[in-house]
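Hi everyone, thanks for making time.

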Amino acid sequence: MDMTERNAQRSRSPQERLAELGILLPPPPKPVANFLTHVQEGDLLFLSGQGPQEADGRVHRGKVGGTVTVAQAYGHAWLTGINLISVMQAAVGDLARVRRIVKLFGMVNGAPEFEDHPQVINGCSDLFISVFGDAGRHARSAVGLASLPGNITVEIEAVISVNG
C-alpha cells in the first residue's frame, strides 16, 4: 500500500468503510447466559465472546473440518466480527472512538484432526483491518476446542482500546 492509499484509508471513518463493504450493523446480540456483552475499564473495552449469529437470529453450527469447510467457517468468523463491531458501537456510541483493536481470542469448534484454525479466524481479522485500517491490526490467538456453546462453529472475544 503506497502513501496515497494509506492517507485515503486514514481519512475514511469506520462507518464509511462499513458502508463501502455493504455492511449494515445488526442490533448487538443479547447474552446467552449470565454475563455482560462488554465491560469498559479505563480506555480498554472488553467484548465477551460472540458467535456467528445472523441478524434474523439464525446461528451457524457444526464442526469445522467435518460438516463445515474452512471457507464457510471463515465467513462465520467474518459474521462474528460484524456482531463484535455491533457490540462495540453500542458500547462506545461512535466507532471513530476506537483507537485500536488490541487483541482477538478466536475459538474454533473443530474436528479432532482439524489444523487450520488461523485461516478460519482470519475472517474476523480481515474484517477488522478493512473497517479500522491500521488500527484494526491486532495481537491474536486462534485455538481449536472440542465443542462450543450450542455447537456454534466459532466464538471470538476482543479487547479494544478507545478514546475518551
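Which residues does I85 touch, not counting residues up to four places away in sequence? The answer is L18, L25, L95, L127, F128, V131 and F132, where a contact means heavy atoms within 4.5 Å.

Quick housekeeping: this is a predicted model, where local features need pLDDT of at least 70, side-chain atom pairs count only at pLDDT 80 or more, and totals for chains, interfaces and linings use all residues. Residues are numbered from 1 along each chain as its sequence is written, and side-chain values use heavy atoms, with hydrogens and water left out.

Back to I85. Along with M88, F128, F132 and I160, I85 has the most contacts inside the largest nonpolar core, a set of 34 residues. Such a core joins buried Ala, Val, Leu, Ile, Met, Phe, Trp, Tyr and Cys residues through side-chain atoms within 4.5 Å; buried is under 20% relative accessible area, with a 1.4 Å probe and protein chains only. At least two core residues each come from β2, α3, β3, α4 and β5, and α3 gives the largest share, 8 residues. Those labels are DSSP runs numbered from the N terminus: helices (H or I) of at least four residues, strands (E) of at least two.

Now over to S125, in helix α4, residues 117–132. Is S125 buried or exposed? Buried, because its relative accessibility is 5%. Leaving out residues up to four places away in sequence, S125 touches L104, H138 and R140.

That's my tour, thanks!

Technical notes:
Buried < 20%, exposed > 50% of the residue type's maximum accessible area, 1.4 Å probe, protein only.
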